[in-house]
Amino acid sequence: MLGSLEKRTSSSRRTTHDFASTVKKIEYTTKVVKIDANNGCVEADYAICTFSIGPEDAQYFLYANPEQRGYYPLFQSLSTPGFIPGSNILFGTVVQQQAYEVEQQSDEKTKKEIMEVLRSMFPDKHVPEPTAFMYPRWSMEEWSYGSYSNWPVGMTLEKHQHLRANVGRLFFARAANGAKFFGHLQGAYFEGQEIRERITRILKGGESEQSQQMKRYKTSHGLTPFEDHDAAKGWSTSLDG
């Protein structure tokens, strides 16, 4: 864990350690927090931990560069249970301006920068070169250009249904249609399942074509009535909680 360690007590005395500190151990009681780092020890009345770097089986690893905000800030291990145990795959995420910069540079340069970050995060560990390395360049992909579906503030169920509604015999199944998983692969998957089932029921003669039409609203309101939020309109998550 890299970061700035600061001690402040009730007497307002302050001691700050630089960003090169590597936290080794944290001990705490109801009265004090003690932090052991590679360059000293800090005791404070309170401490705030904003990093999720932990044991070897941790899923997420966060990095805070002292000079550039958002510089390779997040890594996720896919070797954890529920993903691909034993794969030793490390998934990194970059956003905003750095995402565009990374897309413009070579794989080798990006790999070199990532390895420097990982080795600075774990200075007492041997971090080997990866056996394989790749990443997509979404803003250059003609099928996406870096875009994805996202509900802005003010989005209502009625507006969402207008996106989902079929036009005659043309139906839509896409990530943006999923109320619960919009913008994600699961959204496209579950919407595809529903549309497949609707068309299958029509083709097999089990249901009429009219009965399998997607819900439409002739008049849109600023707020969708509570009772309209149900699975038939794409909203399978309870609002009671």
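## Buried and exposed

A residue counts as buried when its relative accessible area is under 20%. By that cut-off, buried residues make up 28% of the 241 residues in the protein chain. The model is a predicted one. Its protein chain exposes about 16,800 Å². Carbon and sulfur atoms supply 55% of that area.

## Overall layout

The protein chain holds 4 helices and 7 strands. Read from the N terminus, the order is β-β-β-β-β-β-β-α-α-α-α.

## Confidence

How confident is the predictor? The mean pLDDT of the protein chain is 81. A pLDDT of 70 or more is reached by 84% of the residues.

Helix H2, residues 107-121, has the highest mean, at 95. Strand S1, residues 2-8, has the lowest, at 45. Over residues 1-13 the pLDDT is below 50. Even so, this stretch has 45 contacts in the model beyond near neighbours in sequence.

Strand S6 spans residues 74-77. Strand S5, residues 60-62, runs antiparallel to S6, and 3 bridges join the two. Phe61 stands opposite Phe75 of S6.

S6 also pairs with strand S7, residues 90-93. This pairing is antiparallel too, with 4 bridges. Here Ser77 has Leu90 in S7 as its bridge partner.

## A nonpolar patch

Which residues make the nonpolar surface patch? They are Phe83, Ile84 and Ile89. The patch covers about 260 Å².

Ile89 lies in the loop between S6 and S7. Is Ile89 partly exposed or buried? Its relative accessible area is 37%, so Ile89 is partly exposed. The partly exposed class runs between the buried limit of 20% and the exposed limit of 50%. Patch residues need over 30% relative accessible area, and Ile89 has 37%.

## Gly192 in helix H4

Where is Gly192? It sits in helix H4, which spans residues 185-203. Gly192 has 27% relative accessibility, so it counts as partly exposed.

How far apart are Gly192 and Gly178 in space? The C-alpha to C-alpha distance is 9.7 Å. In sequence, Gly192 and Gly178 are 14 residues apart.

Notes. Residues are numbered from 1 along each chain as its sequence is written. This is a predicted model: local features need pLDDT of at least 70, side-chain atom pairs count only at pLDDT 80 or more; totals for chains, interfaces and linings use all residues. Side-chain values use heavy atoms; hydrogens and water are left out. Buried means under 20% relative accessible area, exposed over 50%, partly exposed in between (1.4 Å probe, protein chains only). pLDDT is the predictor's confidence in each residue, from 0 to 100. Contact means heavy atoms within 4.5 Å. Two strands pair if DSSP finds at least two bridges between them. Patches are made of residues with over 30% relative accessible area and no salt bridge: like charges are joined within 9 Å, nonpolar side chains (Val, Leu, Ile, Met, Phe, Trp, Tyr) within 5 Å. Accessible areas come from the Shrake-Rupley method with a 1.4 Å probe; for residues, only the protein chains shown count as cover. A salt bridge is a side-chain nitrogen of Lys or Arg within 4 Å of a carboxyl oxygen of Asp or Glu.
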